[in-house]
Amino acid sequence: MTEPDAPSDTQATYVFAVCRNADLSAVAELPGVTVDAPVTALPLGKLTAIVQSVRAAEFTDEAWQARLSDQQALERYARAHHEVVSAVAARCPAVPLPMATLYHGEDRAREALSQEEGRFEAVLKRIERHTEWGLKVYATPSSPVDTAPAPVHRVTPTGRSSPEPGAGLAYLNRKRDVQERRERSTDEALRAADLVDAEVCRLAAASRRLRPHPQPSADRRVQVLNATYLVDERRTGELALLTQTLRDRTGAQIELSGPWVPYSFVGEVQP
Amino acid sequence: MTRQVVPWDSSGPPVGPIGVPLVDLLDRVLATGVVISGDLVIAIADVPLVRLSLHALLSSVNDRVPAPWADGGPL
């Protein structure tokens, strides 16, 4: 039985990327976000959108709410989206679109995306021969274990253990030292993060700071910088060298990840 | 200083999804790159409710730890 307005029959158009000189061979074999239809090209004039026909019912706000609370489902979609975007971008100049960009059908997608053609061209120009690199800086907090000797206990004639006179003050002093050390190492880590960011910015075409991630409880490191940079492909070697130099200079742990398709540098471009 | 292992560390073209950490991927495919607005789900990272859910999710990805600083972060 089918409901009169059965939403499961309604198709929507999911858009992965918009590219120039589309090379579909890169995506023809990829599953995309659904098994119902292949990933295809949608001509927009000079540009081409890489799209897939999906069931609209699977991409409503409610469906996304459910997906966001289901890590495995979200991960599956995020990786499927990224897989198509990466494959396209590896073959031709492409503007990655955010996950879950959907339209009511191909005609509507063509109309909406064509209106943005100037903007897409501006983005393509900006990210041409550039890739994105993620960079994270971690602080390792100083050990909270007291280095001062443990207070000596003596046994009183009554057999009860009691602390040395002045033990309370010593305890407070140790606590204060630990607190001061922690503040000092936090300050140092934040200064190192600013220094690293400033140095990498000089090499990068653009930069953005992302939200620092909390670390798993087993990991005592604190992430003090989560930034991402748009870097000319010809300067990737320099970036790797600079990262190593900054590791040596600051003593901070620095993680470099990439190259990414420049997801983070397509949003703010004006035509 | 230990060299941190990154998931992909070659000078090749931007590569596929294998080994890319989920939190880093979500930072990029959800929170940024909003060039245009779709019809059905409009820039979902801009919807406060979704952002809240995402925040909760990302915390759980990271083993549900409290923020490193009491005031929610240094930056």
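Author: First, a term. Two strands pair when DSSP finds at least two bridges between them. Keep in mind that this is a predicted model.

Now the sheet. Four strands of chain A make up an open sheet. Their order is β9-β10-β6-β11, and they pair in the antiparallel sense. Look at the edges. β9 (206–209) and β11 (253–260) of chain A stand there, and each has a single partner strand, so one side of each has no neighbour in the sheet. On average, neighbouring strands are turned by 20° against each other, direction ignored.

β9(A) pairs with strand β10 (residues 222–232) of chain A over four bridges, in the antiparallel sense. Within this region, R208(A) stands opposite T228(A) in β10(A).

A helix joins the picture. Helix α6 (residues 236–250) of chain A packs on the sheet. Helix α6 touches β6 (130–139), β10 and β11 of chain A. The direction of α6 makes about 170° with that of β11(A).

Domain 1 (11–128) and domain 2 (131–145 + 178–265) of chain A each supply at least three residues. Zoom in on V88(A). Not counting residues up to four places away in sequence, V88(A) touches F16(A), A17(A), C19(A), A26(A), V27(A), I50(A) and A94(A).

Key:
Residues are numbered from 1 along each chain as its sequence is written. Chains are lettered from A and ligands numbered from 1 in the order in which they are written. This is a predicted model: local features need pLDDT of at least 70, side-chain atom pairs count only at pLDDT 80 or more; totals for chains, interfaces and linings use all residues. Domain bounds come from an automatic or database domain assignment. Two residues are in contact if their C-beta atoms, placed from the backbone, lie within 7 Å. Helices (H or I, at least four residues) and strands (E, at least two) are DSSP runs, numbered from the N terminus. Axes are lines fitted to C-alpha atoms, for helices over the stretch in contact, and angles run from 0 to 180 degrees between N-to-C directions.
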